[in-house]
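Please read the briefing below alongside the sequence and the coordinates.

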Amino acid sequence: MAEITYLEAIRQGLTEEMERDERVFLLGEDIGAFGGAFKVTEGLQARFGEARVIDAPISETAIVGAAAGAAHMGLRPVCEMQFIDFLSCAYSILTNYVATARYRAGLSTPMVVRGPSGGYVRGGPFHSQNPEAAYLHTPGLKIVAPASARDAKGLIKAAIRDEDPVLFFEHKYLYRRIKEELPEGEDVITPLGHAAVTREGRDLSIITYSAMVWKALEAAERLEKEDGISVEVVDLRTLLPLDDAAIVATVKKTNRVLIVHEDTRTGGLAAEITARINDLAFEWLDAPVRRVCAHDVPLPYAPTLEDFVLPQTEDIVRAARWMAAY
Amino acid sequence: MRLTRSLEEKLVNLYRQTKVVGGLFRSLGQEADSVGSAYALDRAKGDILSPLIRNLGSMLVQGATPLEVLRQYMAKAESPTRGRELNIHFNDLERGFLGQISHLGDMVPVMAGVTLSFKMRKEPRVGLVYVGDGAMSTGAFHEGINFAAVQRLPLVVIAENNGYAYSTPTSKQTAVSELVAKAGGYGVRGVRTDGNDVIAVYEVTRAAVDLARAGEGVSLIELVTYRRKGHAEHDNQSYVPKAELEAWAANDPLDRYERRVIESGWGTAEELRDIDQRITAEIDMAVALCENEPLPDAATALDEVLADPPRAELEWYRRLDG
């Protein structure tokens with residue numbers, strides 16, 4: 001069984017769903033013959049034809065809006081944003097039209113909007129964003145952010161099969177850095193709404209997602225070796241709806257929770273998770289819930305600045321030590 | 001035009017030496033668009049332009065320096081954005097250029113606002129904004145030019161039709177065969193000309209600038225040209241037919257202008273060589289000056305998100321002891 005990358009896993013998921021279900025089609029900028037800016041859709045137009053792998057003009061509102069219309073009519077569109085930073089161009093139609101369609105009009109809108117998010121690649125303020133918090137506050141959407149190749153494949157397949165609109169945030173730093181053995185053809189499905197315990201531990205839980213899972217695992221290794229602290233790492237996988245049961249379970253197990261995300265702090269996902277822990281498991285805590293997030297600034301370009309703004313493994317280690325000693 | 005081309009060529013060298021931190025964007029073959037149109041503005045009157053990624057030349061005309069551009073690409077502490085932004089994303093309203101963001105089309109409504117201020121204050125100033133065949137597909141472009149047209153603002157919109165937006169040919173970007181056809185839909189003047197003829201570019205832009213200054217509103221100018229390099233330096237243009245590239249290489253705006261200068265007796269080949277040498281020396285000096293400069297101090301990342309407070313909070317995990 002061959003190892004495939006996170007990026008290839010997404011492509012495999014798309015390919016398998018397009019083969020399984022003729023209603024599935026792709027829509028995005030430069031995704032056809034060119035195969036997309038990161039080559040996620042490479043070869044798919046040759047395989048499935050121009051009618052199912054459609055090159056769109058630079059019109060994010062039209063891409064998302066057209067996907068919604070086609071989805072109402074029973075098709076299963078998957079939109080690509082060339083960089084997820086451009087999803088904001090479609091913010092209005094996505095939050096006002098798409099997200100409310102089922103509730104206000106009884107319309108089914110089974111569509112996926114996927115694209116590369118995240119930093120650590122010297123992309124500057126417009127090619128590095130983590131937009132989840134902007135959409136977390138929108139009832140009617142689902143949000144997914146895979147950390148592993150298996151989940152990248154399993155979640156894209158589950159997202160395509162879901163009856164509601166799903167935002168699928170890939171991490172460009174992981175595209176070619178993460179490899180895993182994955183069975184081709186076997187139906188790898190990661191159900192939406194379920195977190196995973198990526199590493200079992202007793203003393204402290206790190207709740208995180210996407211690329212930060214790998215930094216959390218690195219930190220956990222170090223803490224185990226250098227401090228004898230046993231760290232549990234919980235990968236949320238789906239950010240909306242949140243897996244409350246998994247969050248509560250890990251709180252009850254370790255009684256200490258550190259939340260890590262790459263997005264900026266204020267109004268970020270960690271705030272919501274902290275509030276839920278207060279609601280559901282406050283009496284199980286032995287320490288305040290704390291968070292390691294990016295500094296509250298637009299993401300700068302220079303390596304010195306980017307490295308300073310974004311959370312690093314060392315930051316997680318220091319924060320975890322503080323938590324464990326509390 | 002020569003300064004634009006030579007500076008970009010120097011940047012290619014630096015890119016290959018991995019001294020450019022991010023991507024590198026070329027305007028090879030399109031230099032006449034940026035330079036000819038920017039010269040049609042009047043810097044003394046305070047005209048302002050807003051470039052896109054292939055309009056380095058327009059910024060140089062407005063007084064941006066090779067040193068600034070080199071520092072930007074290499075993310076130096078002394079760069080105009082102090083390492084926060086990439087490549088030619090920087091501004092100087094005094095010199096008359098307003099930097100872009102990556103979201104295409106957004107600068108059209110922004111420049112509508114800039115020129116609205118000219119109109120409100122009864123200043124005889126003109127704004128100029130560049131878009132490409134790709135940016136014209138955005139909602140922001142549509143809303144911005146429509147707003148400017150309705151308000152009869154002193155704005156010139158340059159539509160650079162260079163054949164491709166990343167890998168997408170203009171035929172997949174729009175169903176009209178000439179971008180200038182869109183002018184009618186907004187009720188603005190439309191002009192189309194050869195974008196590789198710097199004199200023609202200057203003349204049509206100058207006419208539009210004069211009309212704008214006289215209170216005659218918006219013009220949309222389509223410049224027909226060709227992008228001879230990929231979207232950025234990493235892109236090998238596998239999607240472009242070779243014959244197309246060769247045909248446009250034979251229609252190079254610098255070659256054409258040099259021939260015209262000599263044939264018209266405006267200058268000699270020797271004088272042109274002197275100019276080239278002066279430019280090379282200027283660029284080499286700028287590289288020597290900034291190549292080994294430091295990157296920005298990390299903690300400056302927190303400065304100036306807002307005027308008040310002037311500094312973002314240092315996250316708690318960085319305040320813990322070692």
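What follows covers a sheet, the domains, the chain contact and a nonpolar core.

This is a predicted model, in which local features need pLDDT of at least 70 and side-chain atom pairs count only at pLDDT 80 or more, while totals for chains, interfaces and linings use all residues. Residues are numbered from 1 along each chain as its sequence is written, and chains are lettered from A and ligands numbered from 1 in the order in which they are written.

**Sheet in chain A**
- Seven strands of chain A form an open sheet with mixed pairing, in the order β3-β2-β4-β5-β7-β6-β12; strands (E, at least two residues) and helices (H or I, at least four) are DSSP runs numbered from the N terminus, and two strands pair if DSSP finds at least two bridges between them.
- The edge strands, each pairing on one side only, are β3 (53–55) and β12 (238–240) of chain A, and the twist from one strand to the next averages 20 degrees.
- Strands β4 (residues 76–80) and β5 (residues 112–117) of chain A pair in the parallel sense over three bridges, and A:Glu80 has A:Arg114 in β5(A) as its bridge partner.
- Helix α3 (residues 60–72) of chain A lies across β2 (24–28), β4 and β5 of chain A and runs at about 170 degrees to β4(A), where axes are lines fitted to C-alpha atoms, for helices over the stretch in contact, and angles run from 0 to 180 degrees between N-to-C directions.

**Domains of chain A**
- The domain assignment, automatic or from a database, gives domain 1 (3–181) and domain 2 (196–325) of chain A, whose centres, taken over C-alpha atoms, are separated by 26 Å.
- The contact between them takes 24 residues from domain 1 of chain A and 23 residues from domain 2 of chain A, two residues being in contact if their C-beta atoms, placed from the backbone, lie within 7 Å.

**Contact between chains**
- Chain B has 37 residues in contact with 36 residues of chain A.

**Nonpolar core**
- The largest nonpolar core has 187 residues, and those with the most contacts inside it are A:Ala320 and B:Val157; such a core is a set of buried Ala, Val, Leu, Ile, Met, Phe, Trp, Tyr and Cys residues joined through C-beta atoms within 7 Å, and buried requires 20 or more other C-beta atoms within 10 Å of the residue's own.
- Helix α8 (residues 212–227) of chain A gives the most to this core, with eight residues.
- Because domain 1 and domain 2 of chain A both give residues to this core, it lies between them.

Methods:
Buried ≥ 20, exposed ≤ 12 C-beta atoms within 10 Å, placed from the backbone.
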